[in-house]
Amino acid sequence: MTPPPLTRVGLQLAGYTRPGVPDRLLFNGVAESVLAAERSGFDSIWVMDHLHQISTVGEPEEPILEAYTTLAALAALTSTVRLGALVSAVGFRNPSLTAKMITTIDVISQGRAVLGIGAGWHDEEYRAYGFEFPAVRERMRQLEAAILICRSMFTHGTDGALNVPPPIQHGGPPILIGGGGEKVLLPMVARLGDACNLFGGPATVRHKISVLHRACADVGRNPDEITKTWLGTAVLADSEWDLRSQLERLAGLLKLSPSAVRGFALCGSRSDIHEQVQAYRGAGIDGIIVNVLDTANIAELERLGPILRAAMEA
């Protein structure tokens with residue numbers, strides 16, 4: 001029996017900056033946004049696993065919260081949404097410790113944790129915090145080893161490392177592997193992952209999913225067992241002027257042209273976004289995960305959630 005998708009509509013918390021809000025009150029605003037998203041039809045919440053802000057979101061000096069302590073706090077506040085990092089850099093933490101941390105979040109949330117993990121890419125951040133940043137081949141080897149260790153920890157521990165209490169979810173939290181590399185990462189998803197996360201427009205996504213299907217065939221696995229998710233930005237606009245203004249802001253962050261950004265964002269009116277979501281569904285996506293330009297805009301989250309959910313369920 002094919003399991004249900006890990007998520008249909010997720011919200012990623014990327015930027016934490018809230019103008020006029022002191023750092024000591026930062027989490028209060030985060031909690032308000034997350035609870036609004038949960039009420040509004042989002043079924044998963046994701047945080048970036050970065051230790052300082054990345055250039056496509058903001059300036060390095062902007063406030064950012066550590067991923068797993070944030071998820072643990074959100075686990076105690078929420079009641080229905082799944083919770084995970086999108087995605088953890090494998091070199092940031094010992095794999096057995098990672099398994100213990102995500103298990104703890106699973107216990108706090110009563111079975112809603114997801115382990116999102118990837119090979120890591122932000123070399124400046126690695127070096128700033130004293131982590132080694134090996135070549136990509138070694139990071140891929142570390143990633144595979146970490147996934148296997150976490151699987152073992154979820155069920156019976158490993159090499160004397162105990163994981164008591166065990167996860168609430170049978171077999172442990174599902175594992176989402178980030179990245180769309182066709183030679184190593186997608187075959188790794190086929191062998192070891194419960195979910196993957198992809199970027200790009202519908203044509204790019206369709207191609208990546210076809211690669212994943214071939215990799216599943218090579219190992220005798222049903223690709224329907226793997227939740228295929230897409231990550232992008234949602235821009236809900238009430239007018240063409242409003243849309244153009246928001247796309248220009250997003251393009252500036254990503255250092256791309258507004259027309260390029262428009263090719264892989266969900267943007268425009270309710271009907272525009274519905275049509276764009278349907279294109280991703282047609283490309284093979286099971287769940288969409290979006291960030292927004294302003295997570296403090298509660299009214300926008302409350303409008304956006306039902307639109308995305310209706311589009312995914314159509």
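Author: A pocket here is an open set of grid points with protein on both sides within 12 Å along at least five of seven lines. The model is a predicted one.

Reader: What volume does the largest pocket have?

Author: The volume is the space filled by probe spheres set on the grid points. For the largest pocket this comes to about 1200 Å³.

Reader: Which residues lie nearest the centre of the largest pocket?

Author: Elements that give two or more residues to its lining are strand 4 (88-89), helix 4 (123-128), strand 8 (227-236) and helix 8 (240-254). The lining has 50 residues, and those nearest the centre are Gln12, Met48, Ile54, Thr56 and Val57.

Reader: How far apart are the end C-alpha atoms of helix 5, and what span should its residues give?

Author: Helix 5 covers residues 136-155, which is 20 residues.

Reader: Which elements do the buried residues of helix 5 pack against?

Author: The buried residues of helix 5 are Arg139, Met140, Leu143, Ala146, Ile147, Cys150, Ser152, Met153 and Phe154. They pack against helix 3 (95-109), strand 5 (113-118), strand 6 (175-178) and helix 6 (185-192).

Reader: Which residues of the largest nonpolar core touch the most other members, and which element gives the most to this core?

Author: In soluble globular proteins, nonpolar side chains tend to be buried together. The largest nonpolar core has 73 residues, and Leu13, Ile45, Leu266, Leu304 and Leu308 touch the most other members. The element that gives the most to this core, with seven residues, is helix 5.

Reader: Is Asp43 buried or exposed?

Author: Asp43 sits in the loop between helix 1 (26-39) and strand 2 (44-47). Its side chain makes a polar contact with the side chain of Thr7 at 2.4 Å. The cut-off for burial is under 20% relative accessible area. Asp43 has 18% relative accessibility, so Asp43 counts as buried.

Reader: Why does Lys208 count as buried, and which residues does Lys208 touch?

Author: Lys208 is part of helix 7 (residues 202-219). Its relative accessibility is 19%, and therefore Lys208 counts as buried. Not counting residues up to four places away in sequence, Lys208 touches Gly180, Glu182, Leu186 and Leu198.

Definitions and conventions: Residues numbered from 1 in each chain as written. Predicted model: local features only at pLDDT ≥ 70, side-chain atom pairs only at ≥ 80, totals over all residues. Heavy atoms only, no water. Helix = DSSP H or I, 4+ residues; strand = E, 2+ residues; numbered from the N terminus. Expected span 1.5 Å × (residues − 1). Buried < 20%, exposed > 50% of the residue type's maximum accessible area, 1.4 Å probe, protein only. Contact = heavy atoms within 4.5 Å. Core = buried A, V, L, I, M, F, W, Y, C linked by side-chain atoms within 4.5 Å. Polar contact = N/O pair within 3.5 Å; in protein donor to acceptor, adjacent residues only side chain to side chain. 1 Å grid on protein atoms, 1.4 Å probe; cavity = no way out; pocket = protein on both sides within 12 Å on 5 of 7 lines; lining within 4 Å.
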